[in-house]
Amino acid sequence: MKVLVCAKQVPNTNEVKIDPVKGTLIRDGVESILNPDDANALEEALKLKDKFENVTVTVISMGPQQAEDMLRECLAMGADEAVLVSGREFGGADTWATSNAISSALRKVGDFDLIFAGRQAIDGDTAQVGPQISEKLGIPQVTYVQGFEIKDNEVIVQRQLEDGYEVVSVKMPCLLTAVKELNKPRYMTMKGIYNAFEKDIKVWGFSDLDVPQEKVGLKASPTRVFRSFTPEPKGAGVMLNGTSKDQVAQLIGSLKERHVI
């Protein structure tokens with residue numbers, strides 16, 4: 001069984017700030033990490049490798065050369081191979097253009113049985129790339145996967161809903177997007193780290209993929225961001241002291257001052 005995992009290197013959004021003038025993310029000095037939902041996707045692929053024989057796991061990512069560090073981490077966790085799609089032609093891509101490039105890379109890998117991806121990336125939160133890839137590959141998809149099992153050539157999936165889950169049956173090959181409830185990603189091992197640096201990461205540029213120039217990169221991206229900003233901080237809360245009767249009187253007086261009542 002050949003299992004592919006789509007992964008992305010993202011800035012740690014706990015440390016990201018927005019440039020108030022340009023309205024863009026300030027990435028300088030911000031740590032880059034494996035996208036959390038993609039780590040869950042990789043873990044589920046590795047669990048299949050642990051459970052069944054003849055399972056290979058290949059991780060595919062699109063990004064700058066520095067994304068090789070993230071792919072080394074995936075190899076150290078247990079992936080067999082890693083592919084980086086990188087080149088100036090892919091720069092500035094939105095979800096539509098990104099899915100065009102990645103789906104082309106997945107076709108080049110070929111003969112896959114299952115594709116895992118994270119539900120969404122924390123630097124965009126669109127949850128669009130996974131579903132778009134499946135549409136362009138012409139395979140079924142199930143999103144928000146919180147549990148699944150394989151029976152013969154069929155996948156039985158628990159798909160997360162706001163108030164529970166639904167059970168979906170889908171034939172392979174298919175694409176599944178993972179949520180954090182699916183599993184707990186494993187840590188790298190010392191042996192895994194050593195082996196990761198013994199492996200070569202394939203780097204595919206624009207000329208290596210069968211995709212037209214007009215379908216990748218910034219010029220091919222229909223998305224336009226009107227404005228990005230950091231919300232103004234809310235005012236500090238006010239503590240009311242005294243007895244319950246005193247607190248009620250203070251609250252009513254405060255609301256009258258603001259013409260709420």
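Reader: How many strands form the open sheet, and in what order?
Author: Nine strands form the open sheet, running β11-β10-β9-β12-β8-β1-β6-β7-β13, and the pairing is mixed. Two strands count as paired if DSSP finds at least two bridges between them. Strands are DSSP runs of E with at least two residues, helices are runs of H or I with at least four, and both are numbered from the N terminus. This is a predicted model, where local features need pLDDT of at least 70 and side-chain atom pairs count only at pLDDT 80 or more, while totals for chains, interfaces and linings use all residues. Residues are numbered from 1 along each chain as its sequence is written, and side-chain values use heavy atoms, with hydrogens and water left out.

Reader: Which are the edge strands?
Author: β11 (164-171) and β13 (202-204), each of which pairs on one side only. Ignoring direction, neighbouring strands of this sheet are turned by 30° against each other on average.

Reader: What does helix α1 touch on the sheet?
Author: Helix α1 (residues 36-51) packs on β1 (2-6), β6 (56-62), β8, β9 and β12 (174-178). Contact here means heavy atoms within 4.5 Å. The direction of α1 makes about 150° with that of β8. Axes are lines fitted to C-alpha atoms, for helices over the stretch in contact, and angles run from 0 to 180 degrees between N-to-C directions.

Reader: Ok, β9 next. Does β10 run parallel or antiparallel to it?
Author: Antiparallel, with six bridges joining β9 to β10 (residues 154-161). I150 has V155 as its bridge partner in β10, and E149 has I156. The two strands make a hairpin with two residues between them, and D152 in the turn has a positive phi of about 55°.

Reader: And how many bridges join β9 to β12?
Author: Three, and those two strands run parallel. V145 stands opposite A178 in β12.

Reader: Switching to aromatics, how many pairs are there?
Author: The structure holds two aromatic pairs. In one of them, F116 and F148 have ring centres 5.6 Å apart and planes at 70°, so this pair is edge-to-face. Rings of Phe, Tyr and Trp (its six-membered ring) pair if their centres lie within 6.5 Å; planes under 30 degrees apart are stacked, over 60 edge-to-face, and the rest tilted.

Reader: Where do F116 and F148 lie?
Author: F116 is in strand β8 (residues 114-118) and F148 in strand β9 (residues 141-151), so the pair ties together parts that are 32 residues apart in sequence.

Reader: Is F116 buried or exposed?
Author: Buried, at 1% relative accessibility. F148 is buried too, with a relative accessible area of 16%. The cut-offs are under 20% relative accessible area for buried and over 50% for exposed, with partly exposed in between (1.4 Å probe, protein chains only).

Reader: Which residues have the most contacts inside the largest nonpolar core?
Author: L42, L114, F116, F148, V155 and L176, in a core of 39 residues. A nonpolar core is a set of buried Ala, Val, Leu, Ile, Met, Phe, Trp, Tyr and Cys residues joined through side-chain atoms within 4.5 Å. A second, separate core of 22 residues includes A105, A117, L209 and V211.

Reader: What is L176 in contact with?
Author: Leaving aside neighbours within four places in sequence, L176 is in contact with L114, I115, F116, A117, V142, V145, F148, V155 and V157.

Reader: Now α2. Why is it largely enclosed?
Author: Seven of its ten residues are buried, so the rest of the structure largely encloses α2. The buried ones are M70, L71, R72, C74, L75, A76 and M77. They pack against β2 (9-11), β5 (32-34), α1, β6, β7 (81-85) and α5 (190-196).

Reader: Where does P64 lie, and what does it contact?
Author: P64 is in the loop between β6 and α2 (68-77). With neighbours within four places in sequence left aside, P64 is in contact with L84 and S86. P64 is partly exposed, with a relative accessible area of 48%.

Reader: Last one, which residues of α4 are buried?
Author: In helix α4 (residues 129-137), G130, P131, Q132, I133, S134 and L137 are buried. These pack against β1, α3 (95-109), β8, β9 and β12. Just after α4, G138 has a positive phi of about 70°.
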